[in-house]
Amino acid sequence: MKFNEKNIRELNKSPIKLIADEWALLSAGKCGAWNTMTISWGGIGELWGKDAAFVFVRPQRYTREFIESSDMFSLSFFGGKYKDELSLCGSKSGRDTDKSLLTGLTPVFDNGAVYIRQAELVLVCRKMAFFDLEPKGFTDKKIENNYSNGDYHRMYVGEIVKTLEKS
Ligand SMILES: Cc1cc2nc3c(=O)[nH]c(=O)nc-3n(C[C@H](O)[C@H](O)[C@H](O)COP(=O)(O)O)c2cc1C
């Protein structure tokens, strides 16, 4: 099975199911210096006339360092499979573990991006912007319950430059 480029407008799965239910791996970096972490919050849509993905990363995530130093990030989706591996990538930090070694998930390096070989679907994104969430913007005050440590997410907006699907 290999990856083929796909028209993102022909995705036939709900983005909510893709992200919230099945989870994704958010990856960034280059060969020898990359990391990946599980996400289940985020979005896919349109901004500034570009097809875009939106991800939310807390300050303490090691993956954030790689997103910061890269022009690219990627989202790898697994169709509901690999949940044990995704749980591990969402509970251990790449600071003190080799997630690839522990899970058997392997990287593909592709023009400044890294994504996961075992994925069914990959969105390769060019970083366009970031915004730090601020409590003054929470019109629903209950949102603050997600931030008892004050670790407000940074939202990254990426232009989706390539959509890959396994055939
Ligand atoms: C299902 C699931 C969803 C998660 N979603 C997010 C998310 O959207 N944003 C975030 O900052 N952390 C999220 N996490 C937590 C990170 O994946 C986790 O802290 C991870 O260990 C960070 O790894 P790193 O330090 O190697 O980057 C999620 C964890 C799980 C299990």
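1. Ser93 is placed in the loop that connects helix H3 (83-89) with helix H4 (99-103). The model is a predicted one, and the remarks below should be read accordingly. Ser93 has 14 C-beta neighbours inside 10 Å and therefore counts as partly exposed; burial would require 20 or more such neighbours, and exposure 12 or fewer. Between Ser93 and Gly32 there are 61 positions in sequence, and their C-alpha atoms are 16 Å apart in space.

2. Ser93 also belongs to the surroundings of the ligand. The shell around the ligand holds 20 residues, and the closest are Tyr62, Thr63, Gly90, Ser93 and Gly94. Two or more residues of this shell come from each of strand S3 (33-39), strand S5 (50-57) and helix H2 (62-68). Strand S3 provides the largest share, with 4 residues. By residue type, the shell around the ligand comprises 9 polar, 7 nonpolar and 4 charged residues.

3. Strand S4 (residues 42-47) pairs with S5 in the antiparallel sense, with 6 bridges between them. Leu47 has Lys50 of S5 as its bridge partner. The hairpin formed by S4 and S5 leaves 2 residues between the strands, and Trp48 in the turn adopts a positive phi of about 55°.

4. Strand S5 has a further pairing, with S10: the two strands are antiparallel and share 6 bridges. Within this pairing, Val57 lies opposite Arg154 of S10.

5. Strand S10 (residues 154-166) takes part in other pairings as well. With strand S1 (residues 3-5) it pairs in the antiparallel sense over 3 bridges, and Asn4 has Glu165 of S10 as its bridge partner. With S9, S10 again runs antiparallel, and 11 bridges join the two strands. Val122 faces Leu164 of S10.

6. Which residues touch the most other members of the largest nonpolar core? They are Ala24, Leu26 and Val122, in a core of 37 residues. Strand S9 (residues 121-132) supplies the largest share of this core, namely 5 residues.

7. For Ala24, the contacts can be listed individually. Leaving aside residues up to four places away in sequence, Ala24 touches Ile19, Ile39, Leu75, Ser76 and Phe77.

8. Concerning the overall architecture, the protein contains 4 helices and 10 strands. Read from the N terminus, the order of elements is β-α-β-β-β-β-α-β-α-α-β-β-β-β. The radius of gyration is 15 Å, close to the 15 Å that the globule rule gives for 167 residues, so the protein is as compact as a globular protein of that length. Along the principal axes, the C-alpha atoms occupy a box of roughly 45 × 40 × 30 Å.

9. Two further values describe the protein as a whole. Of its 167 residues, 31% are buried. Among contacts between residues at least 6 apart in sequence, 73% join residues at least 24 apart.

Terms used. Residues are numbered from 1 along each chain as its sequence is written. This is a predicted model: local features need pLDDT of at least 70, side-chain atom pairs count only at pLDDT 80 or more; totals for chains, interfaces and linings use all residues. A nonpolar core is a set of buried Ala, Val, Leu, Ile, Met, Phe, Trp, Tyr and Cys residues joined through C-beta atoms within 7 Å. Two residues are in contact if their C-beta atoms, placed from the backbone, lie within 7 Å. A residue is near a molecule or strand if its C-beta atom, placed from the backbone, lies within 6 Å of it. Ala, Val, Leu, Ile, Met, Phe, Trp, Tyr, Cys and Pro count as nonpolar, Asp, Glu, Lys and Arg as charged, and the others, Gly among them, as polar. Two strands pair if DSSP finds at least two bridges between them. The radius of gyration is taken over C-alpha atoms; the globule rule is 2.2 Å times the number of residues to the power 0.38.
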